[in-house]
Amino acid sequence: MTDTGKSYHKQCTGEALQTAQRHAADEDITLFAGCFCPFVQRGWAALEYLGIPYKVHEVDPYKKPQELLEVSPKGLVPALRLSNYTPPRALNESTVIMDFLEDLASTSTKRTLLPPITDPYARALVRLQSDHINRTLVPAFYRYLQAQDPTAQITGEKEFKAAIEALVALFERADKEVGGTGLWKEGGELGWADIMVGPWLFRADKVLKDYRRFEMPEGAKLTAWLKRLFEHPAFKCTCSTDELYLDSYERQVPYAFNRPNTSQVANAINTGRGLP
Ligand SMILES: N[C@@H](CCC(=O)N[C@@H](CS)C(=O)NCC(=O)O)C(=O)O
């Protein structure tokens with residue numbers, strides 16, 4: 001495949017655009033978003049599922065406008081501006097944003113992405129799933145996408161598939177020990193780990209498939225879970241059309257052709273450092 005020099009998108013498309021248009025009015029919470037960003041999609045899907053009022057504000061994290069730096073010290077999306085404080089306060093980091101939204105919902109909308117607080121072991125199993133996603137699966141996704149030579153691509157594919165299989169094993173353990181968590185459970189609801197991992201598996205299904213000929217590991221339960229996840233209204237309404245992801249990952253989000261110095265995530269992977 002050749003690098004056709006495509007540019008990344010500045011505005012979401014498809015269902016995500018419709019959702020952004022429904023959330024264009026001022027609210028106490030503003031989500032600073034970038035349309036291609038999987039970390040943003042975590043916070044966005046959580047806001048949707050938890051039923052918390054919010055406004056979406058799309059910014060270009062590679063241009064780092066002052067208003068973004070005010071809410072996110074490294075100029076990364078996602079970030080939240082909290083206008084119910086005077087002066088307004090802010091939060092960044094997708095996992096911290098998810099914690100915050102979950103806490104907020106526990107006293108407002110009463111919705112939750114976690115097993116009940118009365119079941120600390122089930123909640124701990126979800127934390128284990130989440131820890132695996134953040135420390136192993138997400139970095140494996142970027143290493144695979146950025147790998148340029150064929151040997152590195154084969155290793156990348158193996159590691160990414162192994163990370164998905166290890167997540168499946170954690171879901172199966174939860175099935176056995178606590179009757180299941182999130183959407184993996186038959187008849188279950190969208191859960192914490194579903195949102196933590198969904199954005200990368202969604203992109204794997206499109207971007208890795210196209211740039212690396214990636215195929216998801218086989219398995220009826222895995223396939224059925226992915227379908228439930230991608231079609232869940234709170235997730236689906238934050239998804240843009242396929243070409244937005246394909247274009248974005250080719251260009252400024254330089255992963256697929258590993259263009260130098262265009263993204264903090266790409267630089268971290270290239271230099272063997274932890275993700276920003
Ligand atoms: N650890 C951060 C990572 C966020 C992140 O890497 N966002 C990317 C977009 S997907 C970004 O803002 N990149 C701008 C840059 O690399 O300068 C989180 O979990 O929120």
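Since the model is predicted, local features need pLDDT of at least 70 and side-chain atom pairs count only at pLDDT 80 or more, while totals for chains, interfaces and linings use all residues. Residues are numbered from 1 along each chain as its sequence is written, and side-chain values use heavy atoms, with hydrogens and water left out.

Let's begin with the open spaces. A pocket here is an open set of points, on a 1 Å grid over the protein atoms alone, with protein on both sides within 12 Å along at least five of seven lines; its lining residues have an atom within 4 Å of a point. Grid points are joined across faces, edges and corners, and a volume is the space filled by probe spheres set on the points. The largest pocket comes out at about 480 Å³. It has 27 lining residues, and F39, L76, V77, V265 and P276 are the closest to its centre. Helices and strands are DSSP runs numbered from the N terminus (H or I, at least four residues, for a helix; E, at least two, for a strand). Helices α2 (38-50), α4 (94-107), α5 (120-146) and α11 (264-270) each put at least two residues into the lining of the largest pocket. That lining also takes at least three residues from each of domain 1 (14-107) and domain 2 (120-270), with bounds that come from an automatic or database domain assignment. By class, it has 17 nonpolar, seven polar and three charged residues. For these classes, Ala, Val, Leu, Ile, Met, Phe, Trp, Tyr, Cys and Pro are nonpolar, Asp, Glu, Lys and Arg are charged, and the others, Gly among them, are polar.

The second largest pocket holds about 350 Å³ of space. Its lining has 25 residues, and L113, L114, P115, T181 and G182 lie nearest its centre. Helix α5 turns up here too, giving at least two residues to the lining, as do α6 (150-178) and α7 (192-212).

Now back to α2. This helix has 13 residues and spans 18 Å from its first C-alpha to its last, close to the 18 Å expected at 1.5 Å a residue; the expected span is 1.5 Å times one less than the number of residues. How much of α2 is covered? Of its 13 residues, 12 are buried, where buried means under 20% relative accessible area, exposed means over 50%, and partly exposed is in between (1.4 Å probe, protein chains only). Among the buried ones are P38, F39, R42, W44 and Y49.

The largest cavity has about 70 Å³ of space, and α2 gives the most to its lining, with three residues. Its lining residues include C12, C35, C37, V40, Q41, W44, R203 and T238, and the lining divides into six nonpolar, three polar and two charged residues. The second largest cavity, at about 30 Å³, is lined by Y8, H9, K10, G34, C35, F36, E58, V59, D60 and P61. Five of those are nonpolar, two polar and three charged.

Next, the aromatics. Rings of Phe, Tyr and Trp (its six-membered ring) pair if their centres lie within 6.5 Å; planes under 30 degrees apart count as stacked, over 60 as edge-to-face and the rest as tilted. The structure has 14 such pairs. One of them joins F141 and Y142, edge-to-face at 5.1 Å centre to centre with 85 degrees between the planes. Both F141 and Y142 are buried. Another pair is F202 with Y245: the ring centres are 5.6 Å apart and the planes stand at 85 degrees, so this one is edge-to-face as well. F202 sits in α7 and Y245 in α10 (residues 242-250), so the pair ties together parts 43 residues apart in sequence. F202 is buried, with a relative accessible area of 7%, and Y245 is buried at 0%. Elsewhere, ring pairs link F141, Y142, Y144, F160 and F214 into a cluster.

Key: On a 1 Å grid over the protein atoms alone, a cavity is a set of points where a 1.4 Å probe fits but cannot get out, and a pocket is an open set with protein on both sides within 12 Å along at least five of seven lines; lining residues have an atom within 4 Å of a point.
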